[in-house]
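Dear colleague,

I am handing over to you the structure shown below. My findings follow after it.

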Amino acid sequence: MLSVTGLDVHYGPVHALKGVDIAVAPGSVTALLGANGAGKTTALMAIAGARPVTRGAIRFDGRDITGMRAEDIIRLGIGVVPEGRRVFASLTVEENLAVAGSLAADKAVSAARRAAMMERFPILAERRTQRAGLLSGGEQQMLAIARALMAAPRLLLLDEPSLGLAPLMVDRVFDLIAELKAEGLAMLLVEQNVPLSLEIADRVAVLANGRVSVAGTAAELGESEAIRGAYMAA
Ligand SMILES: Nc1ncnc2c1ncn2[C@@H]1O[C@H](COP(=O)(O)OP(=O)(O)OP(=O)(O)O)[C@@H](O)[C@H]1O
Ligand SMILES: [Mg+2]
């Protein structure tokens with residue numbers, strides 16, 4: 001479903017990604033792990049069309065989406081839950097969803113999806129008229145995920161969804177990810193919670209200094225020292 005091959009990304013003179021290959025199969029979860037500064041966010045942003053690519057190809061459902069605009073990539077079915085959640089703090093919960101819906105679908109479809117999100121996330125329904133900036137970190141994370149789901153993606157890119165959350169909320173976020181997976185949504189999951197990621201992921205790729213240092217199935221890598229080693233080396 002997603003195939004990234006030989007991806008290079010630069011920030012001016014900084015060579016952030018060097019020949020990165022990542023794959024996500026339909027309905028499956030690939031975990032993208034790695035130390036701070038390894039290039040995980042850069043990889044997600046490049047896939048989402050939010051960061052220019054200097055070399056390599058990004059294919060989604062067989063179509064070359066390299067260099068496509070971010071809005072068009074969302075419309076093709078790739079949703080993004082950005083690092084740090086980035087909800088619109090001064091808008092209400094409902095307005096956050098409405099903005100995302102208006103970009104992705106017509107009014108009626110958007111309203112129906114918003115209603116579905118309120119059912120799925122009772123925590124957001126309770127706070128629908130509250131400004132998003134007043135929500136807890138966990139609630140903001142749920143809102144960021146709900147916002148991405150408003151475009152009915154077939155692939156979801158998640159950048160450290162559990163970062164900074166209380167343990168109970170970390171569990172809730174991972175429960176939600178498991179639920180979405182069970183519904184057939186494919187995901188590329190950037191995480192620093194390695195044990196929980198290995199539990200949910202089918203495949204794992206570890207980035208170190210802009211390169212994939214280890215890749216394989218979660219079952220293979222969960223049993224090995226390769227992941228721990230990769231973190232130490234980075
Ligand atoms: N806007 C930028 N300008 C210049 N360099 C950048 C920029 N953003 C990231 N970098 C550099 O690119 C590299 C990869 O950064 P990136 O944010 O993708 O890493 P990451 O794996 O997501 O890290 P973290 O775990 O801290 O979120 C790092 O060396 C970083 O310093
Ligand atoms: Mg990052």
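In this predicted model, four strands form an open sheet in the order β2-β1-β4-β5, with antiparallel pairing. The edges are taken by β2 and by β5 (63-64), each of which has a single partner strand, so one side of each lacks a neighbour in the sheet.

At one end of that order, strand β1 (residues 2-11) runs antiparallel to β2 and is joined to β2 by seven bridges. Within this pair, valine 9 is found opposite leucine 17 of β2. The two strands make up a hairpin with two residues between them. In its turn, glycine 12 has a positive phi of about 55°.

The pairing of β4 (residues 55-60) with β5 is also antiparallel and rests on two bridges. Here phenylalanine 60 has arginine 63 in β5 as its bridge partner.

I turn next to the ligand. The residues surrounding ligand 1 are Tyr11, Val14, Ala16, Gly34, Asn36, Gly37, Ala38, Gly39, Lys40, Thr41, Thr42 and Glu83. Sorted by class, this shell comprises four nonpolar, six polar and two charged residues. Two elements, β2 (14-24) and α1 (40-47), each contribute at least two residues to the shell. The largest share, three residues, is supplied by α1.

Helix α4 (residues 107-120) deserves a separate paragraph. With 14 residues at 1.5 Å a residue, α4 should span 20 Å, and this agrees with its end C-alpha atoms, which are 20 Å apart. Which residues of α4 are buried? They are Ser110, Arg113 and Met117. Seen down the helix axis, these buried residues fall within an arc of 65°, so they line one face of α4. The face turned away from the buried side carries the exposed residues Ala108, Ala112, Ala115 and Glu119. As for what covers the buried residues of α4, the elements involved include α3 (93-104), α5 (122-126) and α6 (137-149).

With kind regards

Methods. Residues are numbered from 1 along each chain as its sequence is written. Chains are lettered from A and ligands numbered from 1 in the order in which they are written. This is a predicted model: local features need pLDDT of at least 70, side-chain atom pairs count only at pLDDT 80 or more; totals for chains, interfaces and linings use all residues. A residue is near a molecule or strand if its C-beta atom, placed from the backbone, lies within 6 Å of it. Ala, Val, Leu, Ile, Met, Phe, Trp, Tyr, Cys and Pro count as nonpolar, Asp, Glu, Lys and Arg as charged, and the others, Gly among them, as polar. Two strands pair if DSSP finds at least two bridges between them. The expected span of a helix is 1.5 Å times one less than its number of residues. A residue is buried if 20 or more other C-beta atoms lie within 10 Å of its own, exposed if 12 or fewer, and partly exposed in between; C-beta atoms are placed from the backbone. The arc is that of the directions from the helix axis to the C-beta atoms. Two residues are in contact if their C-beta atoms, placed from the backbone, lie within 7 Å.
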